[in-house]
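Please keep the sequence and the model at hand.

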Amino acid sequence: MFLLPLSSLLLSFVLLFALRRLAVSIHLVDIPNHCKKHEGEVPVIGGVAIYFSVLVSSLLFADVDHTQWVYFLCGAILVAVGVIDDKFDISVRVRMLIQVITSLVIIFSVDISLVCLGNIVGEGHVDIDGWVSYFVTVIAIVGAINAFNMVDGIDGLLGGLASVTFTALGLMFFLQGNATLAMICLMYIAALVPYVLLNLGIPFGQRYKIFMGDAGSMLLGFTVVWLLILASQPSHEDVINPVTALWFIALPLMDMATIMVRRVRKGQSPFKPDREHLHHICQRIGLSSRMTLVFICSLASFFAAIGVFGELYAISETMMFMAFLVLFAVYFSVISHIFRITTKVRAMLGKSPLSEEIA
């Protein structure tokens with residue numbers, strides 16, 4: 001079975017170098033602008049390499065069932081759209097429409113949908129069915145795709161956060177005896193390792209830098225929510241409680257919700273690019289890019305660990321849900337007032353105030 005992650009690791013490494021040249025030749029590169037502060041034109045083929053490394057490894061060394069075939073088909077659609085978006089910058093409406101269509105394809109092809117939200121209010125399981133179930137599932141899938149797309153802002157962050165979620169999910173699948181889905185998580189972690197290293201300039205420096213691109217962020221978001229639905233619904237694996245899924249993707253989810261609320265309050269589109277995400281804020285209060293990466297991934301790991309702890313010790317779903325709501329309220333409040341807080345702290349330390357403040 002370890003041929004699967006090993007194959008994914010090696011194929012990802014090879015494809016990243018092979019596709020890098022192709023990307024440069026067809027100008028599939030990320031160009032710096034007011035929101036993107038990197039240097040030079042960087043190939044955006046990380047997502048394509050990761051997708052094909054997992055796909056080829058699965059075809060060579062695993063028995064791919066109907067559900068996985070549909071997943072790979074939907075993944076191919078999102079990767080293709082992501083590549084087109086990276087190349088030609090298609091509109092948000094078109095991307096969202098394709099994400100909705102892809103969600104409906106996997107929902108109706110393999111009967112994957114959110115039919116149970118768990119005992120989140122203490123009055124028994126909250127069940128949903130029919131078109132309401134399909135609507136909620138589409139919102140969840142599109143939301144997760146865009147949550148992971150929005151956090152892809154500094155080197156290593158998207159790969160790091162996705163790895164945290166895959167690790168937590170893989171552990172729960174393994175403990176519940178589902179080796180197949182645990183191995184899929186491990187394959188993605190293995191495929192992400194070469195990407196994260198090259199994205200960080202390790203060991204070949206900035207010359208061989210690679211970006212994930214929208215193809216990769218949409219693929220990872222879709223894969224994560226697909227696995228979370230399989231894991232949390234009684235009609236499938238029933239490996240985790242539905243509320244635990246929130247803890248496994250807590251940071252991307254909270255960051256997306258917070259930033260979209262703030263944009264709407266300003267009268268802007270919730271999808272308008274800006275530099276007010278958590279990773280931007282960390283850098284603006286003085287953390288380096290690497291320190292920001294370590295801080296955010298450590299925080300995400302802590303939240304995922306709470307989810308795992310809640311499962312292993314059978315903590316009440318209601319308590320876990322209420323705790324998550326409190327966490328989100330605290331997160332939203334802190335992010336909304338972060339520069340006032342840091343200004344006071346810097347004043348106490350005798351340092352000059354920060355020049356920038358989030359409105």
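A crossing of two helices is called right-handed if the near helix is turned clockwise from the far one by less than a right angle, and left-handed if it is turned anticlockwise. Helices (H or I, at least four residues) and strands (E, at least two) are DSSP runs, numbered from the N terminus. The model is predicted: local features need pLDDT of at least 70, side-chain atom pairs count only at pLDDT 80 or more, and totals for chains, interfaces and linings use all residues. Residues are numbered from 1 along each chain as its sequence is written, and side-chain values use heavy atoms, with hydrogens and water left out.

Two packed helices are described by the angle between their axes and the distance between the axes. The axes are lines fitted to C-alpha atoms, for helices over the stretch in contact, and angles run from 0 to 180 degrees between N-to-C directions. Helix α3 (residues 66-88) passes α8 in a right-handed crossing. The axes of these two helices come within 7 Å and cross at roughly 155°. They are therefore roughly antiparallel to each other; angles under 35 degrees count as roughly parallel, over 145 as roughly antiparallel, 65 to 115 as roughly perpendicular and the rest as oblique. In this contact (heavy atoms within 4.5 Å), α3 contributes residues including Y71, C74, L78 and D85, while α8 contributes, among them, D214, M218, F222 and W226. The contact divides into 11 nonpolar, six polar and three charged residues, where Ala, Val, Leu, Ile, Met, Phe, Trp, Tyr, Cys and Pro count as nonpolar, Asp, Glu, Lys and Arg as charged, and the others, Gly among them, as polar.

D85 of α3 is buried, at 4% relative accessibility; buried means under 20% relative accessible area, exposed over 50%, and partly exposed in between (1.4 Å probe, protein chains only). Leaving aside residues up to four places away in sequence, D85 touches I90, R95 and D214.

S12 of α1 is buried at 0% relative accessibility and touches A49, I50, S53, A191 and P194, not counting residues up to four places away in sequence.

A nonpolar core is a set of buried Ala, Val, Leu, Ile, Met, Phe, Trp, Tyr and Cys residues joined through side-chain atoms within 4.5 Å. The largest such core has 103 residues, of which I106, F166, F173, Y188, L227 and F248 touch the most other members. Its largest share, 13 residues, comes from helix α8 (residues 213-232). A second, separate core of five residues includes A147, M256, I259 and M260.

Most residues other than glycine have a negative phi, and most peptide bonds are trans. H27, in the loop between α1 and β1, has a positive phi of about 60° and is partly exposed at 38% relative accessibility. D111, in the loop between α4 and α5, has a positive phi near 55° and is exposed at 54%. The peptide bond from I202 to P203 is cis, with omega near 0°, and P203 lies in the loop between α7 and α8.
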